[in-house]
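Please open the model in a viewer and follow the stops below in order.

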Amino acid sequence: SFQIAQALLNQFVENKHNIALVERVAAVLADVFSKQKKVLICGNGGSACDAMHFAEEFTGRFRSERPPLPVISLTDASHITCVGNDYGFEQIFSRGVQAYGNEGDVLMVLSTSGNSENIIRAVDAAKQKGLLTIALLGKSGGKLLDSCDYQFVIPGETSDRIQELH
């Protein structure tokens, strides 16, 4: 497992396109924050936990003291169970995008398969509202491949290795 994780990390880092994309996405996020816009983020299962962790690193402190930055994870349990019950699980994230997203904001999605219907619908809702979209995908990218403004595709075969690089 360690050797596979190391090989995937090395493969990612050695690809100049990936490093340039990380720099470009960082610049996009900085620009979004400078315009007083926000980032919404979502994922399922372990990716939901990663989404929550990502959000709290921006609203809290990451490595150094700085003002909090507006990142909202769409993983609130009461929202998910309410929307899931009333509209279906496939709507849980798109309803959050419709509620909180505004033109110029960003939606970041995490999906190890790229095939989760609730993530696909969230991307569709984001596009309808004029949000930029960033996807952290795995394997071949699935149905979400090439559907977002920016995408990272981790070619790992298992969710744990893919999520480590996300």
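Which residue in S5 does Leu-136 stand opposite? Select Leu-136, and the residue opposite in S5 is Phe-152. This is a predicted model, in which local features need pLDDT of at least 70, side-chain atom pairs count only at pLDDT 80 or more, and totals for chains, interfaces and linings use all residues. Residues are numbered from 1 along each chain as its sequence is written, and side-chain values use heavy atoms, with hydrogens and water left out.

Next, select strands S4 (residues 132–138) and S5, which pair in the parallel sense over 5 bridges. Strands (E, at least two residues) and helices (H or I, at least four) are DSSP runs numbered from the N terminus, and two strands pair if DSSP finds at least two bridges between them. In S5 (residues 150–154), 4 of the 5 residues are buried, so this strand is largely enclosed by the rest of the structure. Buried denotes under 20% relative accessible area, with a 1.4 Å probe and protein chains only.

Move to strand S3 (residues 106–111), which runs parallel to S4 and is joined to it by 6 bridges. Here Val-106 has Leu-132 in S4 as its bridge partner.

Now display the whole open sheet: its 5 strands follow the order S2-S1-S3-S4-S5, with parallel pairing. Strand S2 (71–73) and S5 form the edges, each pairing on one side only.

Finally, select helix H5 (residues 92–100), whose buried residues are Ile-92, Phe-93, Ser-94, Gly-96 and Val-97. These pack against S1, helix H4 (77–86), S3 and helix H6 (117–129).

Note on methods
Buried < 20%, exposed > 50% of the residue type's maximum accessible area, 1.4 Å probe, protein only. Contact = heavy atoms within 4.5 Å.
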